[in-house]
Amino acid sequence: MIEVKDIYFTYPTGVEALKGVPLTIGDGEFVAIMGQNGAGKTTLVKHFNGLLKPAKGEVLVDSVSTRDVSVAKLARKVGFVFQNPDHQLFSETVEEEIAFALRNFGFEEATIEKRVTWALNLLDLTEYRKTSPFMLSGGERKRVALASVLAWDPKVVILDEPTIGQDHRQKENLRQFIVQLNGQGKTVVVVTHDVEFVAECNPRVVLMSEGKIVADGEAKKILTDTALTLAASIVPPQITQIFLGLTDFGFSYDVIDVSEAKKILLDYFEEAKR
Amino acid sequence: MSVFEGFRFRHVTSPIHRLDPRVKFLYVLAMFVVTIFFTEFLPLLVLFFLQLPFVFVAGVKREWLRSLRGAIFLVTLIFVFNFVFGYLYRSTYTTGAALLEYSLAMSLRFLVLVESFSVFFLTTSPDHLSLALEQSRVPYEFTFAFTTAVRFVPVLAEEAQTIMDAQKARGLELERGNFLKRVRNYIPILIPLIVSAIRRSLELAEAMESRAWGATPKRTNLYVLKMKRGDFVLLALSIVLLAIGVYVRYFVSIPPLSLFLPPLPF
């Protein structure tokens with residue numbers, strides 16, 4: 001469980017990134033943190049594994065304050081996948097890249113071998129085992145970065161902008177993968193701009209604006225609240241926009257799921273036929 | 001990264017900021033040469049204080065102090081090395097006091113160099129600098145490369161910080177292990193940093209080509225540097241500084257510090 005107790009944070013440059021954020025993320029939850037550029041999303045999640053320490057307030061990970069333990073210790077529990085894989089890849093082979101964190105955490109060689117094989121298989125990278133990560137495509141590098149974090153099986157997985165630069169198919173794979181991870185009982189936190197992606201995943205949504213949380217609740221409730229989305233500079237999902245245009249026909253617009261929308265429309269046509 | 005902070009230009013105006021960068025650079029060079037002349041403590045102390053008026057007039061005290069603080073680690077290293085090796089390989093007639101003074105002087109010498117270059121970079125905008133280089137007939141390719149390098153230092157510093165965060169999040173502990181292990185700990189930081197710097201430079205080159213870089217062989221400038229009264233004053237000052245430096249070096253015997261202090265126990 002991650003408890004954020006009303007934290008404040010200011011960067012050395014003087015930018016006040018967080019102005020009193022309270023948040024509790026329970027075990028096994030799936031949370032999407034959304035908001036415009038500079039809202040403080042990444043700053044907030046960097047507090048979850050102790051990369052940043054709050055200026056005021058505190059962050060508890062399983063009742064331990066992030067001030068009292070090192071990032072390396074916290075990382076064992078809270079895995080953080082950075083936005084740009086090029087900020088972490090450095091090894092000669094994909095295999096070595098994934099083993100890096102496992103070595104840091106002091107796993108035994110036999111276990112490392114097993115975990116690496118598992119992670120490669122999980123993200124469909126087995127054929128690249130002996131390839132240099134620098135030779136891979138952007139999407140593949142992103143998967144290597146993800147594998148290198150999942151390999152040590154952290155309880156909480158944080159993904160910073162996982163959908164940027166991914167084509168539709170990769171996005172869909174990623175979505176299924178995240179849902180699956182969450183289904184296995186992992187806490188998943190996603191930082192993203194991608195409204196469509198969130199609409200399809202349907203997690204709990206935490207909306208941030210100017211260093212504060214402005215809304216917190218079900219994806220359906222928040223993404224269809226036009227006043228909120230406008231204030232946070234995000235656009236409602238396309239399917240919601242369609243229904244927003246159809247309010248004259250008596251449709252309610254709190255729809256974010258395509259199959260649900262289809263059902264509503266078919267029901268309407270059936271009704272009209274009769 | 002605090003050392004870099006002390007070299008980062010910020011847009012403010014002061015009489016020092018408005019000086020011709022060529023003359024300012026000449027002054028720093030004169031300062032550099034005179035500093036290298038001396039290995040005695042007293043003249044270096046004088047040189048150290050000689051910079052202070054510039055710092056105060058330019059109003060960059062805070063940044064300047066930060067650059068000094070950033071240099072402290074190296075200064076200490078220089079002191080320790082000079083003292084330890086001076087002690088191990090001392091000749092029979094060097095006294096402890098002389099050795100101490102020598103080590104202190106060497107550290108101070110480094111500090112004076114850092115401080116004068118820091119003042120120069122703090123008060124000279126990269127644009128001014130490239131203008132100065134261009135008007136000194138340096139080919140524009142070199143000028144451009146130089147200013148780009150200067151401009152990208154903060155970008156690289158920020159990137160290094162992100163990479164450090166990313167590797168720490170994978171359990172890397174930079175401060176763990178003996179000296180060699182600690183140096184090796186930086187490999188996962190350096191490789192992504194270098195790779196991305198190379199990648200960025202290629203992208204920059206492509207972006208420049210697509211914006212017709214080098215299309216006209218002869219470039220003109222919106223601003224042109226011209227020497228003003230203050231510049232001539234500084235130029236004269238630099239020459240006088242150099243002259244005094246040479247004079248003192250060859251014709252004045254510099255008293256050791258121990259003359260003014262009680263004798264040391266060793």
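1. Let's start with the open sheet in chain A. Four strands make up this sheet in the order β2-β1-β4-β5, with antiparallel pairing; strands here are DSSP runs of E with at least two residues, helices are runs of H or I with at least four, and both are numbered from the N terminus. Two strands count as paired if DSSP finds at least two bridges between them. The edges are held by β2 (16–25) and β5 (64–65) of chain A, each with a single partner strand, so one side of each is left without a neighbour in the sheet. Strand β1 (residues 2–10) of chain A runs antiparallel to β2(A), and seven bridges join them. One pair to look at is A:Ile2, which stands opposite A:Ile25 in β2(A).

2. A word on the source before going on. This is a predicted model, in which local features need pLDDT of at least 70 and side-chain atom pairs count only at pLDDT 80 or more, while totals for chains, interfaces and linings use all residues. Residues are numbered from 1 along each chain as its sequence is written, and chains are lettered from A and ligands numbered from 1 in the order in which they are written.

3. Now for chain A as a whole. Chain A holds 11 helices and 10 strands. Its radius of gyration is 20 Å, close to the 19 Å that the globule rule gives for 274 residues, so chain A is as compact as a globular protein of that length; the radius is taken over C-alpha atoms, and the rule is 2.2 Å times the number of residues to the power 0.38. The C-alpha trace of chain A spans about 70 × 45 × 30 Å along its principal axes. Of the 274 residues of chain A, 43% count as buried. For that label, 20 or more other C-beta atoms must lie within 10 Å of the residue's own; 12 or fewer make it exposed, anything in between makes it partly exposed, and C-beta atoms are placed from the backbone. Among contacts in chain A between residues at least 6 apart in sequence, 60% join residues at least 24 apart; a contact needs C-beta atoms, placed from the backbone, within 7 Å.

4. Strand β7 (residues 156–160) of chain A deserves a look of its own. Five of its five residues are buried. On one side of β7(A) are A:Val156, A:Ile158 and A:Asp160, on the other A:Val157 and A:Leu159, and both faces are covered. As background, side chains in a regular strand alternate between the two faces of the sheet.

5. Strand β6 (residues 78–81) of chain A runs parallel to β7(A), with four bridges joining them, and A:Val81 has A:Leu159 as its bridge partner. With strand β8 (residues 187–191) of chain A, β7(A) pairs in the parallel sense over five bridges, and A:Val157 stands opposite A:Val188. From β7(A) the chain crosses through helix α6 (residues 168–183) of chain A to β8(A) in a right-handed β-α-β crossover. Right-handed here means that, with the strands pointing away from the viewer, the path from the first strand over the helix to the second runs clockwise.

6. A:Asp153, in the loop between α5 (138–150) and β7 of chain A, has a phi near 55°, a positive value in a residue other than glycine. A:Glu161, in the loop between β7 and α6 of chain A, also has a positive phi, near 45°. Most residues other than glycine have a negative phi. A:Asp153 is partly exposed, with 15 other C-beta atoms within 10 Å, and A:Glu161 is partly exposed with 18.

7. On the interface, 20 residues of chain A are in contact with 17 residues of chain B. On the chain A side, the elements giving two or more residues are α2 (71–77) and α3 (94–104), and α2(A) gives the most, with four residues. By class, this side has 12 nonpolar, six polar and two charged residues. Nonpolar covers Ala, Val, Leu, Ile, Met, Phe, Trp, Tyr, Cys and Pro; charged covers Asp, Glu, Lys and Arg; the others, Gly among them, are polar.

8. Finally, a helix in chain B. Helix α12 (residues 229–251) of chain B has 23 residues and reaches 32 Å from its first C-alpha to its last, close to the 33 Å expected at 1.5 Å a residue; the expected span is 1.5 Å times one less than the number of residues. Its buried residues are B:Leu234, B:Ser238 and B:Gly245, and they pack against α3 (21–37) of chain B.

Conventions. Two residues are in contact if their C-beta atoms, placed from the backbone, lie within 7 Å.
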